[in-house]
Amino acid sequence: MLWRKMLRDILENKGAYLACLVIIAMGVMIFTSFASIVQSLHVSQQAYYENQNFADGFVQVTAIPPGTIARLRDIDGIEDIQGRLVKDVTLWQPENPENIYLRLISVDPNEPNPINGVLLSQGRPLQKSAREMWLDNQFFSTHNLSLNDQVEIIAAGKRQRLTVVGVGSSPEFVYALRSMADIYPDPETFGIGFVPWDTLRTFFPDTDSFNELVFTLKPGAGFEQVKEELERQLAPYGLISIISRADQVSHQLLQMDIDAVESMSTAMPVMFLGIAAVILYITLKRLIEQQRGQIGILKAEGYTDPEILRHYLSYALFIGLVGGVAGSLMGSLLAYPLTAIYQEFFNLPAFTAAFSPFHFVGGIVLSVGFALLAGYQGAKKVLSLQPVEAMRPHAPIAGKRIFLEHFSLLWRLLNTQGRMAVRNLTRNQGRSLFIFFGIMICFAISSFTWSMNDIFQKMLYDQYEKVEVYDLKITFAQPLKQDPVLRELRANPGVQQVEPLAEVPVTLKHQWHEEDVVIIGILSDSRLYNILDSDYNRMEPPENGILLSERLAGLLEATVGTTLSLESPLKPDDRENTVVVAGIIPQYVGMNAYMEISSLQRILREPGLATAAMVNMDQEAIPFFKEKYLTAANIAAIEENGLRLNKMKELMDTYGSMIYLYALIGVIVGFAIIYSSSVITIAERERELASMMVLGMTPEEVLSVVTFEQWCIGVPALILGIPVAKGMMGSFGQLLNSDLLTMPTTLSSQALFLALMVTVASIWIAQRTAARKIRGFSLAEVLKSRE
Amino acid sequence: MSEGLLVANNLSKFYQMGEVTVKALKEASFRLEEGELVVVLGPSGSGKSTLLNIIGGMDRPTGGELFYRGKSLHRAGAKELTVYRRHHIGFVFQFYNLMPNLTALENIQLSVQIASDPLSPTELLAKVGLADRADHFPSQLSGGEQQRVALARALAKNPRILLCDEPTGALDYGTSIQVLQLLKETCETYGKTVVIITHNTAIAQMAHRIFYLKDGILERIEENQTPLPPEKVTW
């Protein structure tokens with residue numbers, strides 16, 4: 001019987017309970033979906049790394065003869081070390097306007113336990129010296145290839161044919177980026193090919209040695225000690241870099257994403273369930289106030305305290321259970337499309353969506369737990385009520401003077417309704433605080449998500465629309481003397497402008513800080529590469545000075561005027577050079593330093609050296625130009641800026657939908673808080689508001705008391721929402737900032753405006769509901785009864 | 001159309017309660033004149049409050065006609081009824097219905113704000129003997145004091161008709177007499193029409209006319225040639 005009473009009570013106040021239910025369901029949904037994805041990511045990552053013997057360290061050298069590797073295996077801490085040749089080549093596809101790159105990695109078919117072993121999904125083993133290869137599965141399927149297809153590549157200026165005999169994946173390329181400048185893996189233009197060592201070496205006649213080493217560590221061995229020893233022993237072979245697994249791009253990005261999803265899978269549900277708990281607490285507390293008489297009767301009838309408490313807890317249990325089951329169901333379903341999105345980015349073979357009973361049940365338990373806790377807090381008062389006391393009406397609400405009244409000038413400005421509203425704010429401070437919080441959250445989350453959207457667009461588009469404004473970038477296979485090359489390029493039909501570019505890997509040092517970055521050298525009056533300050537003013541790279549990106553300057557603790565020392569593997573001698581920081585500029589994509597090209601050449605003692613050329617040319621002449629240089633031995637890559645921009649726009653569309661999902665969540669939470677508290681407020685003050693209508697006030701006038709009150713809370717909440725949104729951006733930026741991306745933390749005014757609109761609309765809708773309730777008051781009935 | 005402040009012809013009010021039709025008021029006809037004090041007597045469930053709600057513009061009759069100064073109220077919409085309540089009707093309830101977070105004076109000001117020809121709130125407060133309690137909140141006032149504030153609030157709008165639903169129902173004898181004296185004065189000094197609903201027959205002794213209601217039927221209307229002053233009323 002009491003069960004039926006509960007259901008009817010809930011129906012009677014369905015607004016507040018529904019809001020609560022929705023928020024619980026969303027929280028649980030996020031928990032179930034993301035937590036199961038995290039688990040699945042974790043498990044598949046661990047298994048993959050272990051089974052494929054993923055390297056602990058990666059070494060780049062200029063050249064090292066295969067015979068010397070065995071010696072390195074004796075270094076203390078190294079479990080195994082293997083050498084390989086890694087070369088980027090282009091695919092011969094004259095009909096395709098876009099260049100397609102393959103990274104060829106040499107494989108020793110006889111190695112019983114290869115480091116970064118390829119997990120073969122189709123095909124057969126490679127044969128020594130055969131002209132065949134394995135391709136990575138994403139590239140293979142994106143290009144609709146089949147086994148035994150021939151792939152033609154251009155290696156060292158020569159066309160070479162390879163037969164695809166297998167398809168697989170490597171733990172090294174879970175997130176396959178061609179270079180640090182790329183932001184997402186794009187199997188359409190970049191793939192990995194695994195070629196027998198004896199075959200690959202013949203493609204590049206001048207290289208009979210390895211240019212990379214990969215090693216695994218013995219359990220418990222420290223990377224740093226091994227690195228030091230390797231640096232010593234590899235110095236004669238032109239050591240370029242030694243990085244640990246933690247800094248390996250694919251691993252780093254995968255780990256970053258797992259961490260981000262993991263923190264979201266705990267933080268968001270806790271926030272949601274917390275909010276739902278507060279709504280439930282308020283609603284139940286009010287219900288018990290309202291039903292004092294009924295409680296008194298139940299007690300007088302002989303119901304025990306635990307029985308009555310159980311009855312009121314059943315409301316919470318019901319909401320928690322329904323919300324939990326709904327959320328868990330939705331979350332389990334949502335896990336599939338979400339996994340599909342992650343699968344697009346991560347090439348993790350065992351990573352699939354699966355129904356996780358643990359997280360399904362876990363979500364329900366979590367929700368019921370939160371609900372019961374809130375319910376108990378709201379309902380515990382029934383325990384202390386004595387039957388006689390319970391049947392007596394509770395003491396009238398005491399009016400109080402408030403602080404503001406001491407400022408009589410200000411106070412007198414308010415009319416009586418205004419004063420009523422302002423005093424109401426302090427009457428139920430907890431409630432006011434909750435509404436304040438709801439409005440703030442709604443505003444902060446929506447302005448934050450919209451800003452994120454703006455910022456991502458800005459970060460990515462700016463790079464290709466404002467900074468790199470050339471049509472083509474021609475990267476040389478090795479550094480060249482600029483003058484003859486530029487002359488040659490300029491002679492092509494349709495070419496309007498050609499500028500040299502030097503991208504030089506260096507190590508910059510300041511005190512104990514040390515960073516490996518690429519210095520970009522451009523002409524001081526470059527028209528094709530703009531260095532911009534935060535106000536989009538063009539800056540000229542100073543002669544003899546260096547410009548640092550903000551993040552790099554931060555990492556080096558360098559300011560304008562700081563002297564940095566500079567080392568480069570391209571520099572012929574070991575003498576250390578210094579360079580003075582001339583300016584610090586914002587840079588969102590990548591982390592670089594900039595110099596005027598001739599100053600850079602001077603430091604390197606390589607006058608006229610360039611690693612690439614930037615070209616502006618007539619659009620119709622581009623295909624011909626590309627075809628002409630595709631096979632040139634000196635050219636490693638030709639990139640077309642317009643195509644990169646288009647790719648970026650495609651990516652942003654996928655990303656945009658995620659952001660709108662978050663915005664929607666924020667708006668729903670904010671709205672639910674505003675709506676439920678508004679509904680509760682009206683119900684609580686029914687009598688008071690009805691009295692005003694009897695006095696002859698119109699429903700609008702009565703509503704104005706409630707709305708004035710809400711705006712009194714709303715306006716400061718909106719204002720405070722701005723720093724909160726900024727804080728959210730700051731901490732999100734912290735999470736995301738890396739050498740690949742630096743996120744600006746400015747809130748765009750457009751985002752603020754949109755967020756304001758959304759929040760105000762939420763408040764307005766809640767007020768419409770309130771207005772409808774007020775109009776529906778039955779005056780006669782409200783007033784007849786005693787409070 | 002008949003003259004008179006308020007004219008009711010065959011007023012009926014039926015409520016549909018599930019499958020039962022409750023006839024709360026059956027064909028009541030009466031008129032109210034300017035400056036008279038009317039007491040409506042009847043046991044609970046006799047239709048007193050229904051009658052008051054209809055006169056007060058809080059509810060509409062199911063049948064019959066109601067005219068205020070020649071204008072029909074039985075066909076009025078929600079807006080017109082609000083205007084009617086706003087400018088012509090004052091209410092006093094058994095449980096005062098003051099705004100808990102407004103002071104005594106502010107409660108009166110609240111109704112002054114919406115009136116077109118209001119009386120001075122401070123004067124009224126003095127009139128009901130609460131000048132020194134102006135800044136007190138309802139929770140700081142006794143029941144009688146609260147009811148006097150409620151009365152001042154109703155009068156402040158300067159309405160033609162003052163409707164009182166069991167105004168002394170929650171008060172002790174002494175306080176009740178004070179409130180009744182004020183109602184009598186209202187009638188005499190300000191020339192208002194005062195309607196008091198009660199089941200306390202003693203109060204009828206101070207009325208000019210007495211309406212007897214039973215089972216929704218207005219059984220009879222009695223003229224009282226010699227109304228007693230409130231202080232002489234006993235129960």
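Two strands count as paired here if DSSP finds at least two bridges between them. Keep that in mind as we walk through this predicted model.

Q: How many bridges pair β1(B) with strand β2 of chain B?
A: Strand β2 of chain B covers residues 20-32, and β1(B) pairs with β2(B) in the antiparallel sense. One place to look is Lys13(B), which stands opposite Leu25(B) in β2(B). The number of bridges between β1(B) and β2(B) is nine.

Q: Which residue in the hairpin of β1(B) and β2(B) takes a positive phi?
A: This hairpin has two residues between the strands. The phi in question is near 65°, and the residue that takes it is Gly18(B).

Q: Are α5(B) and α6(B) roughly parallel or roughly antiparallel?
A: The axes of helix α5 (residues 143-156) and helix α6 (residues 173-189) of chain B come within 9 Å and cross at roughly 15°. Angles under 35 degrees count as roughly parallel. Therefore α5(B) and α6(B) are roughly parallel.

Q: How many residues are charged in the contact of α5(B) with α6(B)?
A: From α5(B) the contact draws on residues including Arg148(B) and Leu151(B), while α6(B) contributes Val179(B) and Leu182(B), among others. These contact residues divide into four nonpolar and six polar, and the charged ones number one.

Q: Which strands are the edge strands of the open sheet of four strands in chain A?
A: The order in this sheet is β2-β10-β1-β11 (chain A), with antiparallel pairing. An edge strand pairs on one side only, and here that describes β2 (78-84) and β11 (239-244) of chain A.

Q: Which helix packs on that sheet of chain A?
A: The sheet has a twist that averages 20° from one strand to the next. The helix touches β1, β2, β10 and β11 of chain A, and its direction makes about 170° with that of β11(A). It spans residues 223-234 of chain A and is α6(A).

Q: Which element gives the most to the side of chain A that touches chain B?
A: The contact takes 26 residues from chain A and 26 residues from chain B. On the chain A side, the elements that give two or more residues are α14 (416-427), α21 (686-694) and α24 (779-784). The one that gives the most, with six residues, is α14(A).

Technical notes. Residues numbered from 1 in each chain as written. Chains lettered and ligands numbered in written order. Predicted model: local features only at pLDDT ≥ 70, side-chain atom pairs only at ≥ 80, totals over all residues. Axes fitted to C-alpha atoms, helices over the stretch in contact; angles between N-to-C directions. Contact = placed C-beta atoms within 7 Å. Parallel < 35°, antiparallel > 145°, perpendicular 65-115°, else oblique. Nonpolar A, V, L, I, M, F, W, Y, C, P; charged D, E, K, R; others polar.
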